Amino acid sequence: MTEFEFEAQEDPTAEADDWMVGGPEPTMPPHIGEKTATALVTVETAFLASTTALIWLINTYVPTGPLLRMFFPLPIALAYLRWGKRAAWMTAVVAALLLSVLMGPPRSVQFFLPYGILGVILGGCWRSQRGWAHSMGWGVLISALGLFFQIFLLSLLLATNVWLYLNQQVTGILDWLFIKLNLLINPDLWVVQLFAVGLIFVNATLYLLLVHLVASLLFERLKYPIPDPPPWLQAILED
């Protein structure tokens, strides 16, 4: 049996507890042989991995803010929707290897944590037809942990405490806010750090919301729709 084994697929809307560690693979048309199917998966995986690496490369040298960042995990999630878990992990790993060759291991690690893992997790949630609350919850957690890891990695590479610098910026924001509110308060260290952690999770939440909205529009055109947004969000979008 080759690396990619295609089995009969059950109803994709059925609940699956093994969405991160396995699950039914896509059903291939009868006229497509096993070798042809394996070659198709390999080619698409390589294409999606190179697309992911190219998006990261362009964003590094031509920063566009959130315009390209929201696409970082989407090719990997698409690989999961089309071919399953193994293809998604291969896409993430190959993209990381490409970035390691083009930009060096630190940049590769910064991509893989969190965006490579995030793409696999989102693809698994969407293929299992989990609601937005489920995929958003996992996504926010992974994005926030990835940002903490990047702060730690940058601190090692730059030989400076990036977290301390972030706390200084947060202190300035709090001082400005207290002055505007006419409050003569000097924020304690634990308040500053708690506010910094809160900002990281708020940033991750807004980022994941943007990724879900883009994926909802993009994947629907590709005939791989993700679950519908919650009713309150649908009402806002319709207005």
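Let's start in the loop between α8 (189–221) and α9 (231–238), which is where lysine 223 sits. Keep in mind that this is a predicted model. Lysine 223 isn't a glycine, yet its phi is positive, near 70°. Is lysine 223 buried or exposed? With a relative accessibility of 68%, lysine 223 counts as exposed, because anything over 50% falls in that class.

There's another positive phi at glutamine 129, about 60°, and again the residue is not a glycine. You'll find glutamine 129 in the loop between α5 and α6 (132–158). Glutamine 129 has a relative accessible area of 32%, so it is described as partly exposed.

Here are those two residues together:

| Residue | Phi | Relative accessible area |
|---|---|---|
| Glutamine 129 | about 60° | 32% |
| Lysine 223 | near 70° | 68% |

Next, have a look at helix α5 (residues 105–127), where proline 114 is placed.

Finally, the helix pairing. The axes of α6 and helix α7 (residues 162–180) cross at roughly 115° and come within 8 Å. On the α6 side, Phe148, Ile151, Leu154 and Ser155 make the contact, and they meet Val162, Trp163 and Leu166 of α7. Sorted by class, this α6 and α7 contact has six nonpolar residues, one polar and no charged ones.

Methods: Residues are numbered from 1 along each chain as its sequence is written. This is a predicted model: local features need pLDDT of at least 70, side-chain atom pairs count only at pLDDT 80 or more; totals for chains, interfaces and linings use all residues. Side-chain values use heavy atoms; hydrogens and water are left out. Helices (H or I, at least four residues) and strands (E, at least two) are DSSP runs, numbered from the N terminus. Buried means under 20% relative accessible area, exposed over 50%, partly exposed in between (1.4 Å probe, protein chains only). Axes are lines fitted to C-alpha atoms, for helices over the stretch in contact, and angles run from 0 to 180 degrees between N-to-C directions. Contact means heavy atoms within 4.5 Å. Ala, Val, Leu, Ile, Met, Phe, Trp, Tyr, Cys and Pro count as nonpolar, Asp, Glu, Lys and Arg as charged, and the others, Gly among them, as polar.
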